Structures are given as C-alpha cells and as structure tokens.
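Here are some notes to read alongside the model, written for someone meeting it for the first time. Please keep the viewer open and follow along point by point.

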Amino acid sequence: EYWTRPRLAAAQVVVLDSYYYRFYIKERLRGIVPDYFYTSLESLPDAGTVILARVDPAIAFRRRQRFCVHEIYAESTEADFVRFQGDVLAALRDLCQGRGVGWLEIDASLPPAVLAGDFVACVEKKLGSSAHDASAA
C-alpha cells in the first residue's frame, strides 16, 4: 500500500508479482479469517489488469516438494491441491469480472525467456508499445 498508492496517484504503471486478490480468495475458501478482514482488503485500489501466469495444477503439484497451508484445503495430496487451485482460479476470475478488472493469461509452462516475452506482450497489449520502450531505457 505504501509503495503502490503513491505510484498509482502519480499515474505510473505498477507491476506486482501478486496482489491481495489471491490472498483474499485463498483465505475466503479456507474460511479461517473473520469477515471484517475482507472489508479492509476491499478498500484497497483495484488492479487495472490481472496477468495470470498459468500452469496446470497437476503439473505444479508434481514440481513441488512441500506445500503450505495456503495452497491446499486440508491434505497434501494431488487431488486436494488440484481442487483447491482450481477453486482459487475460478474465484479469481469471478472476482476480477465482478470488479471490472482486466484478465489476461500466459502459459507458465513455457521456457522462462518465452514466458518473459509473453508477459511483455501482455503489458504492451494493455498499455501500448511504449511499455517495451520504457523498459529498454
């Protein structure tokens, strides 16, 4: 909030690796935080666009060695992880749609250089080609 709000107020482009939406949804799905907590999160500014680096949850499960409580409902099984991640994705899409937030997806299973190029393309699509020119400066 202290880093993001001033930049937004100055009409700067702000790119974050995560935003409160995902945290909000995960905690809501798990039902472990009081309702007043969600009200405070909802007072934060909305994102202009969410760019989701998407990977199949079954592949993500096989890549991981351990899971934290924020990635599963209750069990560290593939079925639980896949179900939870699918529910998070569906709720994230619904939240963005309901709040009028743009939605773009890129394939996170691609090689890092391709993924980075896809990310830049998404930003350029949203902001125009000046985003690439500014990053080169």
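1. Let's start at Arg28, which sits in helix H2 (helices are DSSP runs of H or I with at least four residues, strands are runs of E with at least two, and both are numbered from the N terminus). With a relative accessibility of 41%, Arg28 counts as partly exposed, because buried means under 20% relative accessible area, exposed means over 50%, and partly exposed lies in between (1.4 Å probe, protein chains only). Beyond its neighbours within four places in sequence, Arg28 is in contact with Asp35 and Tyr38; contact here means heavy atoms within 4.5 Å. From Arg28 to Cys122 there are 94 residues in sequence and 29 Å in space, C-alpha to C-alpha.

2. A word on the source before going further. This is a predicted model, in which local features need pLDDT of at least 70 and side-chain atom pairs count only at pLDDT 80 or more, while totals for chains, interfaces and linings use all residues. Residues are numbered from 1 along each chain as its sequence is written, and side-chain values use heavy atoms, with hydrogens and water left out.

3. Now the whole chain. Its secondary structure comes to 7 helices and 2 strands, in the order α-α-α-β-α-α-β-α-α from the N terminus on. The C-alpha atoms fill a box of roughly 45 × 40 × 25 Å along the principal axes. Of the 137 residues, 27% count as buried. Among contacts between residues at least 6 apart in sequence, 61% join residues at least 24 apart.

4. How do H2 and H3 pack? Their axes are 11 Å apart, at an angle of about 165 degrees (axes are lines fitted to C-alpha atoms, for helices over the stretch in contact, and angles run from 0 to 180 degrees between N-to-C directions). That makes H2 roughly antiparallel to H3, since angles over 145 degrees count as roughly antiparallel, under 35 as roughly parallel, 65 to 115 as roughly perpendicular and the rest as oblique. Tyr20, Phe23, Tyr24, Glu27 and Arg28 of H2 meet Asp35, Phe37, Tyr38, Leu41 and Glu42 of H3. By class, this contact has 6 nonpolar, no polar and 4 charged residues (Ala, Val, Leu, Ile, Met, Phe, Trp, Tyr, Cys and Pro count as nonpolar, Asp, Glu, Lys and Arg as charged, and the others, Gly among them, as polar).

5. H2 also packs against H5. The axes of H2 and H5 come within 9 Å and cross at roughly 125 degrees, and the two helices are therefore oblique to each other. On the H2 side, the contact includes Tyr21, Ile25 and Leu29, and on the H5 side Val88, Leu92 and Cys96 are among the residues involved. By class, the contact of H2 with H5 has 11 nonpolar, 1 polar and 5 charged residues.

6. Which residues of H2 are buried? They are Tyr20, Tyr21, Tyr24, Ile25, Lys26 and Glu27, and what covers them includes H3, E1 and H5. Just after H2, Gly31 takes a positive phi of about 65 degrees.

7. Next, the largest nonpolar core, which has 17 residues (a nonpolar core is a set of buried Ala, Val, Leu, Ile, Met, Phe, Trp, Tyr and Cys residues joined through side-chain atoms within 4.5 Å). Helix H2 (20-30), helix H3 (35-42), strand E1 (49-54) and H5 each supply at least two residues of this core, and H5 gives the largest share, 6 residues. Ile25 touches Val88, Ala91, Leu92 and Leu95, leaving out residues up to four places away in sequence. A second, separate core of 5 residues includes Phe61, Phe67, Ile72 and Phe81.

8. Is Gln85 buried or exposed? Gln85, found in helix H5 (residues 78-99), is buried, with a relative accessible area of 11%. Apart from residues up to four places away in sequence, Gln85 touches Arg22, Pro57 and Glu71.

9. Finally, have a look at Ala11, in the loop between helix H1 (4-9) and H2. Most residues other than glycine have a negative phi. Ala11 has a positive phi of about 60 degrees although it is not a glycine. At 68% relative accessibility, Ala11 counts as exposed.
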